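Open the model in your viewer and keep the selection panel at hand. The tour below moves from one selection to the next.

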Amino acid sequence: MLSVEGLEAGYGRARVLFGVSLEVTEGRLVCVMGRNGVGKTTLLNTIMGVLPATAGSVTFEGRDVTRLRPDERVRLGMGYVPQGHETFPQLTVMDNLMVTLEASPHRDPTALEEALEVFPRLKPLLKRPAGFLSGGQQQQLAMARALVTRPRLLILDEPTEGIQPSIIIEIEEAIERLHAAGLAMLLVEQYLDLALRLADSFVILDAGRVAHSGAAEELRGEQVHRLLAV
Amino acid sequence: MEGVLNQLPIGLSIGAVLLLIALGLTFTFGQMGVINMAHGEFIMAGAYTAYLLQSVGFLIALPAAFGVAGVMGLVLERLLIRHFYGRPLDTLLLTWGVSLVLQQAARDLFGAPNVQVVSPTWLRGGVGILPYNRLFIMALAVLSVVAIWAYLHRTGQGRRMRAVMQNRRLAATSGINTGRVDQVTFFIGSGLAGIAGVALTLIGPVGPTLGTYYIVDAFLVVVAGGLGQLKGAVLAALGLGLLNSYAEFWSDASLAKVIVFVAIIGFLQLRPQGLFVLRSRALS
């Protein structure tokens with residue numbers, strides 16, 4: 001479904017990714033792990049086209065999307081929830097969802113209701129400006145906004161980072177439910193136990209390269225712990 | 001006392017013109033970070049459109065000027081500015097150059113001397129201290145602000161524009177074609193400058209450098225009102241218009257400019273972010 005081959009990218013002269021390859025197959029949840037600064041967010045940004053790839057390719061459902069704009073990738077069925085529970089702070093929760101719905105190819109209002117079913121906590125907040133929500137609520141809104149486009153692949157960058165524990169559980173459950181319903185996902189996650197619970201397979205990055213990858217069971221190995229230890 | 005009152009419609013109508021100009025600037029600056037020095041020449045283009053169409057009818061000049069200036073803005077954005085996004089200083093120089101080219105083009109087309117647009121008869125006279133032409137300009141600004149507000153808050157395209165203004169990267173990764181939103185913003189913003197140009201023909205002559213008299217004040221409105229803020233632009237434009245005309249009334253034209261600049265500098269010392277600003281937990 002998503003196939004990344006030899007991807008290279010960076011900021012100006014500073015290269016961050018040195019030939020990253022990974023694969024997400026239909027309905028699978030792949031977790032990208034690694035210490036701070038190894039290039040996880042850069043990898044996701046390059047997969048979505050926020051950063052240009054300097055080499056390598058990104059293929060989605062058999063189509064080479066390496067040179068497409070981010071919004072074109074979204075319309076092909078790639079959903080992205082960036083790091084840091086980002087929203088449009090001055091738009092209401094409803095407008096945050098509407099603006100994404102109107103930009104999606106299907107424009108089907110039932111997608112909005114479906115997204116709110118996944119995050120019912122948002123329902124009483126629809127008229128509030130998104131900037132006044134708590135961090136956890138903003139993260140749920142960010143995920144709901146991505147769901148409104150009815151993605152076939154959902155890319156999540158540290159969805160539980162800096163969020164109060166009670167909402168982490170809800171977000172985790174939502175990820176599990178979406179995964180169980182057959183949605184393919186590419187997830188960046190720092191917490192090993194969370195990754196172990198959710199992922200089918202994992203990719204560990206180190207200094208812009210894939211240091212290790214495999215099925216979730218292998219995550220318990222000693223070598224893996226060495227790569228993740230701070 | 002009557003002199004003091006007479007300044008009121010003058011100040012308000014100048015504020016209204018500044019508002020029309022500043023609306024476009026505040027959106028292109030707030031949304032794209034573009035400091036468009038050629039914006040003043042869209043005013044000039046609108047004014048000359050009214051000059052060319054004065055035999056046809058004054059009211060027809062309004063949509064025509066909107067279209068002419070809007071298309072000029074669109075072409076400028078597509079041909080030049082979009083290649084310089086993220087480089088505000090280069091854009092400033094570039095658009096300043098475009099501004100000079102457009103002024104010279106106007107000189108070649110219409111001649112260097114100012115031309116006069118004859119105001120329609122129904123705008124002559126007035127009620128009390130309120131001349132009809134100044135009232136018309138104020139009404140025009142009110143209508144434009146209402147239309148822009150409705151556009152931003154009641155249409156999908158306006159919602160996309162606000163989204164791009166608040167977080168461009170997030171808008172792109174939410175599926176919004178930010179390039180197209182930028183084009184529409186440029187068209188509308190430049191078109192409003194064209195409307196301002198038509199308004200100016202009611203209170204003065206039209207010349208190739210018409211825009212340069214207003215562009216600096218319009219930028220002051222943008223900075224004092226807060227970037228991309230409709231409310232801020234309205235208050236700052238009226239305040240600046242009134243301050244300008246009263247300072248001129250009690251001193252003279254050049255001293256008035258000094259007073260206005262000192263006032264703006266003092267204000268920005270107190271509120272560097274302008275009257276209104278994006279405020280939320282997300283940004284704090």
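Start where the chains meet. Select 23 residues of chain B and the 27 residues of chain A that they are in contact with; contact means heavy atoms within 4.5 Å. This is a predicted model, in which local features need pLDDT of at least 70, side-chain atom pairs count only at pLDDT 80 or more, and totals for chains, interfaces and linings use all residues. Residues are numbered from 1 along each chain as its sequence is written, chains are lettered from A and ligands numbered from 1 in the order in which they are written, and side-chain values use heavy atoms, with hydrogens and water left out.

**The interface**

About 2,300 Å² is buried between chain B and chain A, and carbon and sulfur atoms give 55% of that area. Buried area is the accessible area (1.4 Å probe) that two parts lose on being put together, summed over both. On the chain B side, pick B:Arg159, B:Leu170 and B:Thr173. These residues lose the most area to chain A, together 26% of what that side buries.

Stay on B:Arg159. Its salt-bridge partner is A:Glu102, with the closest N and O atoms 2.5 Å apart. A salt bridge is a side-chain nitrogen of Lys or Arg within 4 Å of a carboxyl oxygen of Asp or Glu. Between chain B and chain A the count is five salt bridges.

Which helices of chain B each supply at least two residues of the side that touches chain A? Select α6 (156-166) and α7 (168-173). α6(B) gives the most to that side, with six residues. Helices (H or I, at least four residues) and strands (E, at least two) are DSSP runs, numbered from the N terminus.

**A helix in chain A**

Go to α1 of chain A, residues 40-48. Eight of its nine residues are buried, so this helix is largely enclosed by the rest of the structure. Buried means under 20% relative accessible area, exposed over 50%, and partly exposed in between (1.4 Å probe, protein chains only). Among the buried residues are A:Leu43, A:Leu44, A:Ile47 and A:Met48. Step on to A:Gly49, which follows α1(A) and has a positive phi, near 85 degrees.

**Inside chain B**

Select B:Met44, in helix α2 (residues 39-52) of chain B. Is B:Met44 buried or exposed? B:Met44 counts as buried, at 5% relative accessibility. Not counting residues up to four places away in sequence, B:Met44 touches B:Leu102, B:Gln103, B:Ala106, B:Gly207, B:Pro208, B:Leu210 and B:Gly211.

Next, B:Gly67, in helix α3 (residues 58-79) of chain B. B:Gly67 counts as partly exposed, at 23% relative accessibility. From B:Gly67 to B:Ile188 is 121 residues in sequence and 8.9 Å in space, C-alpha to C-alpha.

Now find B:Ser119, in the loop between α4 (88-110) and β1 of chain B. B:Ser119 is buried, with a relative accessible area of 18%. Leaving aside neighbours within four places in sequence, B:Ser119 is in contact with B:Arg124 and B:Leu202.

**A surface patch**

Finish with B:Leu5, B:Leu8, B:Val127, B:Ile129, B:Leu130, B:Tyr132 and B:Leu135. They form a nonpolar patch on the surface, with about 480 Å² of accessible area together. Patches are made of residues with over 30% relative accessible area and no salt bridge: like charges are joined within 9 Å, nonpolar side chains (Val, Leu, Ile, Met, Phe, Trp, Tyr) within 5 Å. Accessible areas come from the Shrake-Rupley method with a 1.4 Å probe; for residues, only the protein chains shown count as cover. α1 (2-32) and α5 (132-154) of chain B each supply at least two residues of the patch. B:Val127 lies in strand β1 (residues 126-127) of chain B.
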